[in-house]
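Subject: Structure for your review

Dear colleague,

My notes on what was found in it follow directly after.

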There are 2 protein chains.
Amino acid sequence: MTTARLSKRQDLVRRIADRLLDHGVAQIALRDLAAELGTSDRMLLYYFEDKADLVSASLEAVSARLAARLEQESPAAPLPPAALLAALLPAVRAEAMAPVMSVWSDLCARGGRGEEPFRGIAQRSIIQWIGWIEARLAVADPGSRRSTAVALLAILEGARQLEQVLAGSTQDIEASLASVFVIGP
Amino acid sequence: MTTARLSKRQDLVRRIADRLLDHGVAQIALRDLAAELGTSDRMLLYYFEDKADLVSASLEAVSARLAARLEQESPAAPLPPAALLAALLPAVRAEAMAPVMSVWSDLCARGGRGEEPFRGIAQRSIIQWIGWIEARLAVADPGSRRSTAVALLAILEGARQLEQVLAGSTQDIEASLASVFVIGP
DNA sequence: TGCTCCCTGTAGCACCTGCTACATAGACAG
DNA sequence: CTGTCTATGTAGCAGGTGCTACAGGGAGCA
């Protein structure tokens, strides 16, 4: 594969990732996707082996983009668990994150059923999240850093999902969490 | 619609619900579904208006089944939040719950994107969950009962999802949560 | 000019999708 | 027996799917 072709493939991956963020992963037809990109399905299948290859590569790109944004958005100093949770909840719920999070939901639902490549991509993405949280976490006992980060991510993800489904309802999950939990030990 | 036809429809709903639990909601073709039921797509569309009607009715059945199981599995006495969480985590992760929870993931992912009827069904299901948790929750301040229940459900759901995706990995989310959180007023 | 090779448009295949028209066998009423 | 109505099988339509065969344009090379 020539470098010109590779770079064009890379360009396509970027643009397809944008579309996935708009539409969700679940169902997108090659013809429609191509039309939005101003090209044809024939071309997509020239630069990608098949649809699975295309989706896989583009999801990896979305995941990498999320990781990069996380890396960039580091708080000034490490925070203790409760403060970090309070800081992260609004960030995850921010409007700009909504498309990423929608893709994330799909990824988890399909990955959770064991479908590849969704499972692998979701796993790697989760592990990056955990690492990112660990790095921003101020804990007394270093041995509990990992488990605290995992627990924070679980809460974050659960709250986000609940709120996404209940959106428009009167439940205020952020307030619920903030008012209920004291993080120890 | 005659009662005979209605009862046959109800019977089909039950059996389709079983199949949904095996396969997940995402993609199931009427022909395949009918074959597994020992009938034809023609018959399914005789007893249901269209596929949406079929899926909707069957998902409602799954949701009702979950609600019934919750109702049945009530602990002996109300528990304080931390104890209830510790009791619920293994229950949600139990092997028997895996199919229900897989359908639940789909429901949330699609409901979260606003797709009907998934959104409505997911919302009602969540509200039942919250009610169930509230009833089993021993709290000092009655005013915090609802918010505590919501927070517990968020943690439960987040932990379940993380674990489902990471399954086979070495993370032990239950232990993480148990070791990290102290639940207070 | 002709040759070769990378890119891309056209057309279409084979299959799958939900859904429907039509025919018919059986039950039951007269 | 005859007519009517319900339940079900057969066949197929129209649209969509991923994917492919084929041809040609155009750039570089001889």
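This is a predicted model: local features need pLDDT of at least 70, side-chain atom pairs count only at pLDDT 80 or more; totals for chains, interfaces and linings use all residues.

Sorted by class, the surface near DNA strand D consists of six nonpolar, three polar and seven charged residues.

DNA strand C also has 16 residues around it, with A:R42, B:A29, B:L30, B:D50 and B:K51 coming nearest. Here the elements that give two or more residues are helix 1 (3–23) and helix 3 of chain A, along with helix 2 (30–37) and helix 3 of chain B. The surface near DNA strand C comprises six nonpolar, three polar and seven charged residues.

Turning to the fold of chain A, its secondary structure amounts to nine helices and one strand. Read from the N terminus, the order of elements is α-α-α-α-α-α-α-α-α-β. Of the 185 residues in chain A, 34% are buried. Where contacts in this chain link residues at least 6 apart in sequence, 62% of them join residues at least 24 apart.

A:L20 sits in helix 1 of chain A. Is A:L20 buried or exposed? A residue is buried if 20 or more other C-beta atoms lie within 10 Å of its own; A:L20 has 22 C-beta neighbours inside 10 Å and therefore counts as buried. Setting aside neighbours within four places in sequence, the contacts of A:L20 are A:V25, A:S58, A:L59, A:V62 and A:V103. The C-alpha atom of A:L20 is separated by 27 Å from that of A:V150, which is 130 residues away along the chain.

The nonpolar interior deserves a separate remark. In soluble globular proteins, nonpolar side chains tend to be buried together. The largest nonpolar core in this model contains 73 residues, and those with the most contacts inside it are A:L152, A:L153, A:I155, B:L152, B:L153 and B:I155. Beyond its neighbours within four places in sequence, B:L153 is in contact with A:L162, B:W129, B:I130 and B:I133.

In chain B, helix 4 (residues 51–72) and helix 7 (residues 118–135) have axes that come within 10 Å and cross at roughly 5°. An angle under 35 degrees counts as roughly parallel, so helix 4 of chain B and helix 7 of chain B are roughly parallel to each other. On the side of helix 4 of chain B, the residues that meet helix 7 of chain B are B:L59, B:E60, B:S63, B:L66, B:A67 and B:L70; their counterparts in helix 7 are B:I121, B:R124, B:S125, B:Q128 and B:W132. The residues of this contact divide into six nonpolar, three polar and two charged.

Finally, the backbone has cis peptide bonds to note. One runs from A:E116 to A:P117, with omega near 5°, and A:P117 lies in the loop between helix 6 (98–112) and helix 7 (118–135) of chain A. In chain B, a cis peptide bond joins B:E116 and B:P117, with omega about 5°. B:P117 is placed in the loop between helix 6 (98–112) and helix 7 of chain B.

With kind regards

Key
Residues are numbered from 1 along each chain as its sequence is written. Chains are lettered from A and ligands numbered from 1 in the order in which they are written. Axes are lines fitted to C-alpha atoms, for helices over the stretch in contact, and angles run from 0 to 180 degrees between N-to-C directions. Helices (H or I, at least four residues) and strands (E, at least two) are DSSP runs, numbered from the N terminus. Angles under 35 degrees count as roughly parallel, over 145 as roughly antiparallel, 65 to 115 as roughly perpendicular and the rest as oblique. Two residues are in contact if their C-beta atoms, placed from the backbone, lie within 7 Å. Ala, Val, Leu, Ile, Met, Phe, Trp, Tyr, Cys and Pro count as nonpolar, Asp, Glu, Lys and Arg as charged, and the others, Gly among them, as polar. A nonpolar core is a set of buried Ala, Val, Leu, Ile, Met, Phe, Trp, Tyr and Cys residues joined through C-beta atoms within 7 Å. A residue is buried if 20 or more other C-beta atoms lie within 10 Å of its own, exposed if 12 or fewer, and partly exposed in between; C-beta atoms are placed from the backbone. A residue is near a molecule or strand if its C-beta atom, placed from the backbone, lies within 6 Å of it.
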